[in-house]
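Let's take a walk through this protein, starting with the whole and ending with a few single residues. Keep the structure open while you read.

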Amino acid sequence: MNNKINGITFDLSDMHLHGSAFYDFLGLRKRFFVDTLAWDIPHNSDVEMDQYDNPTAAYSVAMMNGRLVGGARLMRFFDKWGSHGCMLQDAAEGRIDGIPADLLPRAHRFANSSECTRLVLSDQLTSQDDRQEALGLVVQGLVKLAINQGSADLVTLTVPGFRRSLRKLGYDVEQVGEKYRNKHDGRSYAILSMPAAHATATAPLWQQANV
């Protein structure tokens, strides 16, 4: 039987309309970023949740047969909640251990950007086709959210190789600035940027479906 995968988007104002999707996303984040990568970020035994999970954030998640299997968080680059901006902006102010304060290139303007963070897929996605479909739906939701926020592009701090995955989905992605090696998990990271525009018409039909 083929798995049924669909995407949904929400923020804190309407997350109650989607059952436990938000809490399940926090749980998936904990299993990957804390249990697997051993990041030192706020968590308990069940979920990971930080200062950026606030009313400025929106979420795009993928559900397979009714269970959450992927997701990501989005917020406008210069939004603030209390003393915090977005993650990259806080890093540029020296607030995040492990991210270089000079990572943001001066020549690149982020005034009309939305930042994507905490993108993760579940190991329940055992087939490549299911992983590709789930990722496509999550990214499609992020693009929709960014357009609704009035942003012209999306930026994310991730492993540089993720650019290939996004390009396979039909997105025009570029690396912005230099990569660096994270002292906590030993992996290399870089800022990727892409226009807030839906994938090309040559992409598979499931990528063009509404979420």
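How far apart are the mean positions of the positive and negative charges of the protein? The answer is 4 Å, for 22 positive and 24 negative charges. Keep in mind that you're looking at a predicted model.

Now for the overall fold. The protein has four helices and seven strands, and if you trace them from the N terminus the order is β-α-β-β-α-β-α-β-α-β-β. The radius of gyration is 16 Å, close to the 17 Å that the globule rule gives for 211 residues, so the protein is as compact as a globular protein of that length. Along the principal axes, the C-alpha trace spans about 50 × 40 × 35 Å.

What about inside and outside? Of the 211 residues, 52% count as buried.

For a look at the interior, go to strand β5, residues 153–158. Six of its six residues are buried, so the strand is largely enclosed by the rest of the structure. In a regular strand, side chains alternate between the two faces of the sheet. Here D153, V155 and L157 point one way, L154, T156 and T158 point the other way, and all of them are buried.

Next, the loops. Between α1 (21–36) and β2 (58–64) there's a loop that holds N54. Is N54 buried or exposed? It counts as buried, because its relative accessibility is 4%, under the 20% cut-off. Leaving out residues up to four places away in sequence, N54 touches L12, Y59 and W81.

A38 sits in the loop between α1 and β2 as well, but this residue is exposed, with a relative accessible area of 55%. Check its backbone while you're there. Most residues other than glycine have a negative phi. A38 has a positive one, near 60°.

N65 also has a positive phi, near 50°. You'll find N65 in the loop between β2 and β3 (67–76), where it counts as partly exposed at 41% relative accessibility.

Conventions
Residues are numbered from 1 along each chain as its sequence is written. This is a predicted model: local features need pLDDT of at least 70, side-chain atom pairs count only at pLDDT 80 or more; totals for chains, interfaces and linings use all residues. Side-chain values use heavy atoms; hydrogens and water are left out. Helices (H or I, at least four residues) and strands (E, at least two) are DSSP runs, numbered from the N terminus. The radius of gyration is taken over C-alpha atoms; the globule rule is 2.2 Å times the number of residues to the power 0.38. Buried means under 20% relative accessible area, exposed over 50%, partly exposed in between (1.4 Å probe, protein chains only). Lys and Arg count as positive and Asp and Glu as negative; His and the chain ends are not counted. The place of a charge is taken as NZ of Lys, CZ of Arg, CG of Asp or CD of Glu. Contact means heavy atoms within 4.5 Å.
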